[in-house]
Amino acid sequence: MNNRCAVGGTVSPRTPRRIATLSVHTSPLHQPGTGDAGGMNVYIVEVSKRLAEAGVEVEIFTRTTSSDLPRSVELAPGVLVRHVNAGPFEGLAKEDLPAQLCAFTHGVLRAEASRPPGHYDLLHSHYWLSGQVGWLAKQRWGVPLVHTAHTLAKVKNLQLAAGDRAEPRSRVIGEEQVVAESDRLVANTPTEARELIDLYQASLDRVSVVEPGVDLDRFQPLPRVAASAGKLAARKRLGLPERGRIVTFVGRIQPLKAPDVLIQALAELCARDRDLAADTTLVIVGGPSGSGLDRPTALIELAASLGLRDRVRFLPPQSGDDLVAVYRAADVVAVPSHNESFGLVALEAQATGTPVVAAAVGGLVTAVRDEVSGVLVDGHVPGDWARVFDRLLRAPHRLTELAHGAVEHARAFSWARTASGLLDVYREAMEENRARLLLRDHADLAGAATW
Ligand code: UDP
């Protein structure tokens, strides 16, 4: 038997041997933190690796976005990224992709047709565009469709940032269709599960909560005795001020993520205590994304207009050890998003031993334990954020306490746990699908006998 499940340590005939993962609009090979690449990309990479380690082969279908991409790339042993041609390679925005779903679906179906029958046991689609492709593929292949939304238009539209574009009705309809057609819906948190049920009429028995994880081997705290030296080394590595306090934002730069609130909060901090503000640097890490692409210099202009140009530092998207250094260099990592399905940045920072100040929205309420691993802030009034920074940055002991709490809290999340949770969902979906197909065959036979 080749479908051994190492995650749970058990062998089950219903564990998938091979799954097709759909990620239409963004590739797991893209650098997260800019454009359309973010937490979903990290999620797919990490989960796929853990599933492959557990004996489940993963093939990830994504759109070809450059003429020099090979047809397939091995991301890790057992994980293959397959490029599907759908529309011009370059110059298509995410908003243009609904018109390419037919071409993408055609590419996925053609790829499967060249394999032996029954090649994939299950489809897992990420984001509604992929869900639309999965909807058709599941009918053709007779396999279950598991869907993860990552963000939901109705939720986003309820919490729009000033100047942000509302998600169109066509997306809402597309999401409703995917919710109705999926065999299982994976929610990152109980809050998201509720949103799927209340706003999208998902049936309770088809929604499963599986929390995302964090790479605990990569994002590690330094031992207490080495913490100060580690912080200094991280700051040197990144060319950041070696002295003073640092508050850091990490992520795709767009109004939804609200980095502007942090610049305004720094201005408020200046008004409260000029010395503390003069000793504090706000570091913004990431690249423009979504409606942030309309005005990529907006934050620089805001900082300049508030007289803070020398207090705000911008760094391009970071990866590998540089990203770990970003978290280590900070006294506090701030996640002021208007909405967040989960908030991987918050977990990564905490795992590294840096407390997080986050907006009390969406998944951040799960990702951060208020006054234990960080502080949750209601709303986005800059004065409220300034008050929290003022309180924390003046109290190194409190920051140390929160740093301990942060490491403890993050330790509960791992990608192995996420993969194990997903495998449970996959097994349930496959079992139900098998029963459904048996019933259908039975009904067909009974019908033939009547004739
Ligand atoms: N990220 C990165 N480099 C950057 C900025 C962000 O690798 O410069 C990664 C970050 O480590 C995290 C992901 O992008 O894993 C962002 O995920 P999150 O859930 O915080 O936000 P999302 O992008 O899903 O909205």
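Leu 344 puts a backbone N or O atom 2.8 Å from an oxygen atom of the ligand, a polar contact in the sense of a pair of N or O atoms within 3.5 Å (within protein, one must be able to donate a hydrogen and the other to accept it, and residues adjacent in sequence count only if both atoms are side-chain atoms). Val 345 does likewise, with a backbone N or O atom 3.1 Å from an oxygen atom of the ligand. At Pro 32, a backbone N or O atom sits 3.3 Å from a nitrogen atom of the ligand. Taken alone, the ligand exposes 540 Å², and the protein buries 91% of that; accessible areas come from the Shrake-Rupley method with a 1.4 Å probe, and for residues only the protein chains shown count as cover.

Before going further, a word on what you're looking at. This is a predicted model, where local features need pLDDT of at least 70, side-chain atom pairs count only at pLDDT 80 or more, and totals for chains, interfaces and linings use all residues. Residues are numbered from 1 along each chain as its sequence is written, and side-chain values use heavy atoms, with hydrogens and water left out. The protein has a mean pLDDT of 94, and 97% of its residues reach 70 or more; pLDDT is the predictor's confidence in each residue, from 0 to 100. For the complex, the predictor gives an ipTM of 0.99 and a pTM of 0.94. Where pLDDT is low, the predicted coordinates should not be read in detail.

Back to the ligand. It has 20 residues around it, and Arg 252, Lys 257, Gln 318, Leu 344 and Glu 348 come nearest (near means that a heavy atom of the residue lies within 4 Å). Helices H1 (39-53), H11 and H12 (344-352) each supply at least two residues of that shell, and H12 gives the most, with three. Helices (H or I, at least four residues) and strands (E, at least two) are DSSP runs, numbered from the N terminus.

The structure holds 33 of them. Arg 237 and Asp 322 meet at 2.7 Å, N to O, linking helix H7 (residues 227-238) to H11 (residues 320-329) across 85 residues of sequence. Asp 322 is partly exposed at 27% relative accessible area, where buried means under 20%, exposed over 50% and partly exposed in between (1.4 Å probe, protein chains only).

Now look at H4 and H5. Lys 154 pairs with Glu 176, their closest N and O atoms 2.8 Å apart. Lys 154 is in H4 (residues 153-158) and Glu 176 in H5 (residues 169-181), so this bridge ties together parts 22 residues apart in sequence. Glu 167 bridges to Lys 156 at 2.9 Å between the closest N and O atoms, and here the loop between H4 and H5 is linked to H4. Both partners are buried, Glu 167 at 19% and Lys 156 at 14%. The two also belong to a salt-bridge network with Arg 171 and Glu 175.

Most residues other than glycine have a negative phi. Tyr 127, in helix H3 (residues 127-141), has a positive phi of about 80° and is buried at 5%. Gln 201 has a positive phi of about 55°, lies in the loop between H6 (190-200) and strand E10 (207-209), and is exposed at 59%.

Note on methods. Salt bridge = Lys/Arg side-chain N within 4 Å of Asp/Glu carboxyl O.
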